[in-house]
Amino acid sequence: MIEVEHLSKVYNGRKAVDDISFKVEKGEILGFLGPNGAGKTTTMRILTCFMPATEGTARVAGYDVFEESLEVRKRIGYLPENPPLYPEMSVESYLDFVAKIKGAKSNRKAQVGEVVEKCGLGDARSRIIGRLSKGYKQRVGLAQALLNNPEVLILDEPTIGLDPNQIHEVRSLIKGLAYSHTVILSTHILPEVSMTCSRVVIINKGKVVAMNTPEGLADQMKGTERISLTVDGPPDEICEKIKSIDGVLSVQKEEGKSGGPHTFIVESKLNSDLRPALATVVASAGWKLLDLRGVSMSLEDVFINLTTNEQE
C-alpha cells in the first residue's frame, strides 16, 4: 500500500531524511518512531504531497507521490501534529466543508455524522471550534482525516492533549481501523505503539535504524537474559551469593525502602535460565524469596538504545 525507496530530503545542505526505505502493507498499522528532529514529520509531509523529496521515490496505493499527487491525496487522510482547524466555524460546518473539499457529494451529511460518532463529538457538533478544549480539537482533527473513507491514514501524535479515557477511546478507534485502512502512526507514547501497532520503524538522524514488530525489536536488541529477584534479607550478602552463581554476568540492586525486601536485576548469558539456581541459593541461606521472574526488554529500552549517542 505504501512503498518508500531511498528517500532523502535536504534542507540548506543538511539531510533531514537520509536514504530511507520501508513498506507498509494493506491493513497494517505501522508505528513510526524517532526523537525530535529525526525526520518523522518531513517523511510524512512527503508522503502526503505537502513537500517534494530531494531524491528517491514514494508510492501510495500504487500512485507516485510526486507525479500523481492528486490521486494520492484522494486516498490519504492526514492528521498533522497541529490539526488544520478553522476556529470560527462550528464542528459540523467545518467537517461538512472538509468533506466537500475531499469530493464527497450527496452523502456528505451521512459521512459527517459517521465521523462525528466515531470520534465522540456528538455533544460538540454545534459548538465553535475555537471554544473547544485541546482534546476536543484533536478529535475534530482526527474526524477530518477520516472523512471520505481514505485507504491510508497518516496520524502525527493523534492522542496529544487527550485525557487517559480519551486516549483509550482513540487507541481503540485506531486499532479498529486496521484491515479497512492502512495506518502510519507517529507518537512519542511508546506503550501506545506496543498496544496498537503491528510493526515499528525507528528513525534517528534521518536514517532508519530498526524495523520489526515490537516483540521482534526487543528480541533483536536483547544481549542478555534478565531476571528480577525480590528477597527479604541482607542486601550485601544477597549480592555476593548471587554473584557466586556460575553464569551470572552482573547484579544490580534497585532502589527501595531501607530495611525491607530488596529487588535485584540479574543478568546472564542469552538462552540461560538461572531461576532454579537463584531459588536454591536464597532458600539455602534461609532468606525469604518473594518474587522471581524473567524481565523482557520494553520498547522504551529499545528506543533509548537505538537513539542515544551512547549507543552510536
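Trainee: Is Thr-48 buried or exposed?

Mentor: Thr-48 is buried, at 5% relative accessibility. Buried means under 20% relative accessible area, exposed over 50%, and partly exposed in between, with a 1.4 Å probe and protein chains only. Keep in mind that this is a predicted model, where local features need pLDDT of at least 70, side-chain atom pairs count only at pLDDT 80 or more, and totals for chains, interfaces and linings use all residues. Residues are numbered from 1 along each chain as its sequence is written, and side-chain values use heavy atoms, with hydrogens and water left out.

Trainee: Where is Thr-48 in the chain?

Mentor: Thr-48 is in the loop between helix H1 (40-47) and strand E4 (55-60). Helices (H or I, at least four residues) and strands (E, at least two) are DSSP runs, numbered from the N terminus.

Trainee: And what does Thr-48 touch?

Mentor: Leaving out residues up to four places away in sequence, Thr-48 touches Arg-73, Ile-76, Tyr-78 and Ile-154. Contact means heavy atoms within 4.5 Å. A polar atom of the Thr-48 side chain also lies 3.3 Å from the backbone oxygen of Arg-45. The polar cut-off is a pair of N or O atoms within 3.5 Å; within protein, one must be able to donate a hydrogen and the other to accept it, and residues adjacent in sequence count only if both atoms are side-chain atoms.

Trainee: New topic, another threonine. Which residues is Thr-159 in contact with?

Mentor: Beyond its neighbours within four places in sequence, Thr-159 contacts Ile-167, Val-170, Ile-189 and Glu-192. Thr-159 is in the loop between E7 and H6. With a relative accessible area of 2%, Thr-159 is buried.

Trainee: On to H6, then. Which of the residues in H6 are buried?

Mentor: Gln-166, Ile-167, Val-170, Arg-171, Leu-173 and Ile-174 are buried in H6. Seen down the axis of H6, the buried residues fall within an arc of 160 degrees, so they line one face of the helix. The arc is that of the directions from the helix axis to the C-beta atoms.

Trainee: Why would a helix have faces like that?

Mentor: An α-helix has 3.6 residues a turn, so residues three or four places apart point the same way.

Trainee: What covers the buried residues of H6?

Mentor: The cover includes strands E3 (29-33), E7 (152-156) and E8 (182-186). It also includes helices H4 (108-118), H5 (134-146) and H7 (190-196). The face turned away from the buried side carries the exposed residues Pro-164, Asn-165 and Gly-176.

Trainee: What happens at the start of H6?

Mentor: A side-chain oxygen of Asp-163 reaches to within 3.1 Å of the backbone nitrogen of Asn-165.

Trainee: What about H11, which residues are buried there?

Mentor: In H11 (residues 299-307), Leu-299, Val-302, Phe-303, Leu-306 and Thr-307 are buried. They cover an arc of only 105 degrees around the axis, which puts them on the same side of H11.

Trainee: Last one. How many helices and strands are there in the chain?

Mentor: The chain has 11 helices and 14 strands. Buried residues make up 46% of its 312 residues.
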